[in-house]
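Here is my note on the structure you sent. Please read it with the model open.

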Amino acid sequence: CAAAVKVAAGPLVVFAIIGARRRASALAGAALAAVAIAALTFAAFGPGAVGLAQALGTQSTKVSSYNLPNALGWALGLGGVTPAIRAVAVGCLLGALCYLLVRTWRGADWITAMGWAALAMLLTTTWLMHWYLIWLLPLAALGSSRILRGAALSLPLLMVAMGFPPVP
């Protein structure tokens, strides 16, 4: 359901499937949910649902002022995010996701791994908003890693250090 609200939650679903005691049932439930969400989306938007998918592709190219890849680009004197910085950020995210998925497959706590994945997404996205912290906070609170909890509580400080304006 989270992926229906925000597509970025989609990759996190994989951790729940891999971490489930009965993976086949979890996968079947996720597939059924995906089909139901797709049907509801098409019922609500009709052929316009295709436009929603195209909008997601367009949105992935946007850059907000306050995010780590953009801050890195400015710090390096490049004027913000460049294609190379974006490629490095995507590579780091994919590497982190693969590492965390393998650890989860081998029995690591899936909620904690999901929290680390959410943190990796927040640190590598070029479109960061205040409320995106909501992705991480419950996972850090429920997970077993104190370091993850510290990182989750430190992320707002990083955002302030980058010059992120306070919530009005």
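This is a predicted model: local features need pLDDT of at least 70, side-chain atom pairs count only at pLDDT 80 or more; totals for chains, interfaces and linings use all residues.

1. Residues are numbered from 1 along each chain as its sequence is written, and side-chain values use heavy atoms, with hydrogens and water left out.

2. The protein chain has nine helices and zero strands. Helices (H or I, at least four residues) and strands (E, at least two) are DSSP runs, numbered from the N terminus.

3. The protein chain has 168 residues, and 28% of them count as buried. Buried means under 20% relative accessible area, exposed over 50%, and partly exposed in between (1.4 Å probe, protein chains only).

4. Two aromatic pairs are present. The rings of Trp131 and Tyr132 have centres 6.3 Å apart and planes at 85°, so this pair is edge-to-face. The rings of Tyr132 and Trp135 have centres 4.7 Å apart and planes at 15°, so this pair is stacked. Rings of Phe, Tyr and Trp (its six-membered ring) pair if their centres lie within 6.5 Å; planes under 30 degrees apart count as stacked, over 60 as edge-to-face and the rest as tilted.

5. These ring pairs link Trp131, Tyr132 and Trp135 into a cluster. Trp131 is exposed at 55% relative accessible area, Tyr132 is buried at 6%, and Trp135 is partly exposed at 22%.

6. The charged end of Arg23 sits over the ring of Trp105, 3.9 Å from its centre. The criterion is NZ of Lys or CZ of Arg within 6 Å of the ring centre and within 35 degrees of the ring normal.
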